[in-house]
Amino acid sequence: MARFPTSPSPNLLFRLFSSNKRSSSPTSALLSGDFQLRQFSAGSAARAAKDEKEPWWKESMDKLRNIGISAHIDSGKTTLTERVLFYTGRIHEIHEVRGRDGVGAKMDSMDLEREKGITIQSAATYCTWKDYKVNIIDTPGHVDFTIEVERALRVLDGAILVLCSVGGVQSQSITVDRQMRRYEVPRVAFINKLDRMGADPWKVLNQARAKLRHHSAAVQVPIGLEENFQGLIDLVHVKAYFFHGSSGENVVAGEIPADMDDLVAEKRRELIETVSEVDDVLAEKFLNDEPVSPAELEEAIRRATIAQKFVPVFMGSAFKNKGVQPLLDGVVSYLPSPNEVNNYALDQSKEEERVTLTGSPDGPLVALAFKLEEGRFGQLTYLRVYEGVIKKGDFIINVNTGKRIKVPRLVRMHSNDMEDIQEAHAGQIVAVFGVECASGDTFTDGTVKYTMTSMSVPEPVMSLAVKPVSKDSGGQFSKALNRFQKEDPTFRVGLDPESGQTIISGMGELHLDIYVERIRREYKVDATVGKPRVNFRETVTQRAEFDYLHKKQSGGAGQYGRVTGYVEPLPPDSKEKFEFENMIVGQAIPSGFIPAIEKGFKEAANSGSLIGHPVENIRIVLTDGASHAVDSSELAFKMAAIYAFRLCYTAARPVILEPVMLVELKVPTEFQGTVAGDINKRKGIIVGNDQEGDDSVISAHVPLNNMFGYSTSLRSMTQGKGEFTMEYKEHSAVSNEVQSQLVNAHNAGKASD
């Protein structure tokens, strides 16, 4: 979803009139503002009513913000959202994340989330801040739930990237920042936990510039740090703010401490200089050494942030109730409203031609289903409305399936609470009940055939065999698996053809553990879990020829098909995983049989002969063949392709590919040697080792197959003080020794079956 900023027009009235779709004159877009005003005063009552309506939604859109809160695990996202809801009046008391008080944070509505103190599902809410309506999505930090972040960012106009003032820029901070770039989401950064021992916001700011390549500068300076953290100085308006009251609800402006004047002057100049590098208007003032007023600086920061050329950095401590209200001011001041970003759709009636959506409620309805949930009243579908208006009782069309559906109930979400509404217009995030669809489907009112571009879904890297303990609970078990598969595109369910076991696949151990636990809690089905299996792949390393004749005569019509050609590896940078090319000149094989041959090769590549895992990064070229006037058929050629692939596969020197993970560890320096030695034992490669205070931060590439049960090992090696995160990096070839072990284990397993 591409987004580009649109700078506000100096003549708003002219722009509104010239974009009026129902204008009586086709040349109205060229008329001057003056002439338009005269036309307006002389226009009909209906025209006047129409033009009076436009400023209503225009103002309503200007006062709307759709934002997400994303960060590395345990950076304080949910705590921050809890404070935002409290200060905006959505909740009346603050509860802590781990649910120690028996309540838990509002946005962690699942029991599992409250017990584990982590966010598993993204949750949506809305609130009001100084006449602005803000839709917020709180997302998980754990890499296993990365799809929740992916689909939230797909539909948001802006985001808050939360960074820990002690941990700094961590591995998952880099991942979520990459996701924000993918969807071109303007963002502000919030350096949290300034009250913690070892807090250093300036170190974190430099890390963001180096590791995230942010063009950023602080818009605030903290007054004191750690236990002396008292308040913040706003560099734009040059004011000090202190937070009083039992929950920091009273923001009091005060004098800037005298001993901080020089630091404030230096940091404000740095802010102006950094912004002027990407904003021409401010650059002119800066180069001429003219004074910059707070309003001019604020406008320049807004322009640069919306253009994704600058990231303003806020500071505070959500847990200690300091700095949240100025961050909310920053959200409404610097992040875009829905009509300041351009969203694109693909017109299915014109060969997927890209269409810019106006983002106005006057256009045809275009809405994207970005998240599904099984609610108390059936399937709950979260929608982002990009254009037009959706009303309760309306009929809408699912463009992906062509089905016409009535909207029985329309709600606004506040975590797991709902508020019924009658209608929602462009720019809003709502949910509908009783609408059958899949994640990523587009809905319209039927006047257009637009689909929104899809989101990026990573491939699962780990599998588990699961089966219900009791045979009677099979129905509930399959119901649970179907529901979770529909809700989460990274959760896959399959059947092992050899053992007949149900195999679930996902993004990691925690991801699959959570789903097994949810099956037990939500569907009352106890399941036994087999040993985790890694999703290996196979590939070929050299070219190999094939020439196979499939001939069968058993009374009646026989089978005859001959295929000749070669198989070879694809280049390393290829985006495709399987390519088939027909290079036959003439009619050695009638063209009607070619799709059956391709299908046969694809089917054969689903299971390599080394360990039975899919074969990828291969190109199959058909150069010749032969057919029989009577005995040739699609089945004969499909079988010929399957046997030809199996025969030439060994000659192509196949290798096994295994998923390699990027592992980031944070351990006290005294355990560094032990941990590094253990990584080497697990055949890992250490690629980075930094010092952060008393801790060592080690980055390594480790095969996933050697990482099972690592959290327990790390705990015992570091007396419970070490922590690690892990995310998928790539599939790479295993060593000859490991390959022999895997092949022998696979053959032994087949023999025992």
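## A friendly note on this predicted model

1. **The overall picture.** The secondary structure of this protein comes to 19 helices and 38 strands. Please keep in mind as you look around that this is a predicted model. Of the 753 residues in the protein, 54% are buried. Among contacts with a separation of 6 or more, 71% are made by residues 24 or more positions apart.

2. **How to read a helix pair.** Several of the points below are about helices that pack together. Two packed helices are described by the angle between their axes and the distance between the axes.

3. **Helices α4 and α12.** Start with α4, which covers residues 77-87, and α12, which covers residues 324-334. Their axes come within 10 Å and cross at roughly 85°. Angles from 65 to 115 degrees count as roughly perpendicular, so α4 is roughly perpendicular to α12. On the α4 side, L80, R83, V84 and Y87 take part in the contact, and they meet V324, Q325, L327 and L328 of α12. Sorted by class, this contact has 6 nonpolar, 1 polar and 1 charged residues.

4. **Helices α9 and α10.** Next, look at α9 (residues 261-276) and α10 (residues 280-287). The angle here is about 130°, and the axes are 8 Å apart. That angle makes α9 oblique to α10. The crossing of these two helices is left-handed. From α9, the residues R269, I272, E273, V275 and S276 meet L282, A283 and F286 of α10. The classes in this contact come to 5 nonpolar, 1 polar and 2 charged residues.

5. **Helices α17 and α18.** How are α17 and α18 oriented to each other? Helix α17 spans residues 672-681 and helix α18 spans residues 710-717; they pack at an angle of about 150°, with axes 10 Å apart. An angle over 145 degrees counts as roughly antiparallel, and α17 and α18 are therefore roughly antiparallel to each other. Their crossing is right-handed. In the contact, T674, V675, D678 and I679 of α17 meet Y710, L714 and M717 of α18. By class there are 5 nonpolar, 1 polar and 1 charged residues in this contact.

6. D157 sits in the loop between α6 (146-155) and β4 (158-164). Is D157 buried or exposed? Its relative accessibility is 0%, so D157 counts as buried. Along the chain, D157 and R65 are 92 residues apart, yet their C-alpha atoms are separated by 7.3 Å. A second example is T175, which belongs to helix α7 (residues 171-182). T175 has 6% relative accessibility and so counts as buried. Its C-alpha is 8.5 Å from that of H72, although T175 and H72 are 103 residues apart in sequence.

7. **A serine in a strand.** Strand β37 (residues 695-703) contains S699. Because its relative accessibility is 17% and the cut-off for buried is under 20%, S699 counts as buried. Which residues does S699 touch, leaving aside those up to four places away in sequence? They are V663, E664, I685, I686, V687 and G688.

8. **Two positive phi angles.** V238 is not a glycine, but it has a positive phi of about 50°. You will find V238 in the loop between β8 (231-234) and β9 (239-244). With a relative accessible area of 38%, V238 is partly exposed. N617 is also a residue other than glycine with a positive phi, in this case near 60°. The place of N617 is the loop between α15 (594-605) and β34 (618-626). N617 counts as partly exposed because its relative accessibility is 26%.

9. **Cysteines and disulfides.** A disulfide is a covalent bond between the sulfur atoms of two cysteines. How many disulfides does a search of the whole structure find? The search finds 0. Two cysteines to look for are C164 and C437. C164 counts as buried because its relative accessibility is 5%. At 6% relative accessibility, C437 counts as buried too.

Notes. Residues are numbered from 1 along each chain as its sequence is written. This is a predicted model: local features need pLDDT of at least 70, side-chain atom pairs count only at pLDDT 80 or more; totals for chains, interfaces and linings use all residues. Side-chain values use heavy atoms; hydrogens and water are left out. Axes are lines fitted to C-alpha atoms, for helices over the stretch in contact, and angles run from 0 to 180 degrees between N-to-C directions. Helices (H or I, at least four residues) and strands (E, at least two) are DSSP runs, numbered from the N terminus. Angles under 35 degrees count as roughly parallel, over 145 as roughly antiparallel, 65 to 115 as roughly perpendicular and the rest as oblique. A crossing is left-handed if the near helix is turned anticlockwise from the far one by less than a right angle, and right-handed if clockwise. Contact means heavy atoms within 4.5 Å. Ala, Val, Leu, Ile, Met, Phe, Trp, Tyr, Cys and Pro count as nonpolar, Asp, Glu, Lys and Arg as charged, and the others, Gly among them, as polar. Buried means under 20% relative accessible area, exposed over 50%, partly exposed in between (1.4 Å probe, protein chains only). A disulfide is a pair of cysteine sulfur atoms within 2.5 Å.
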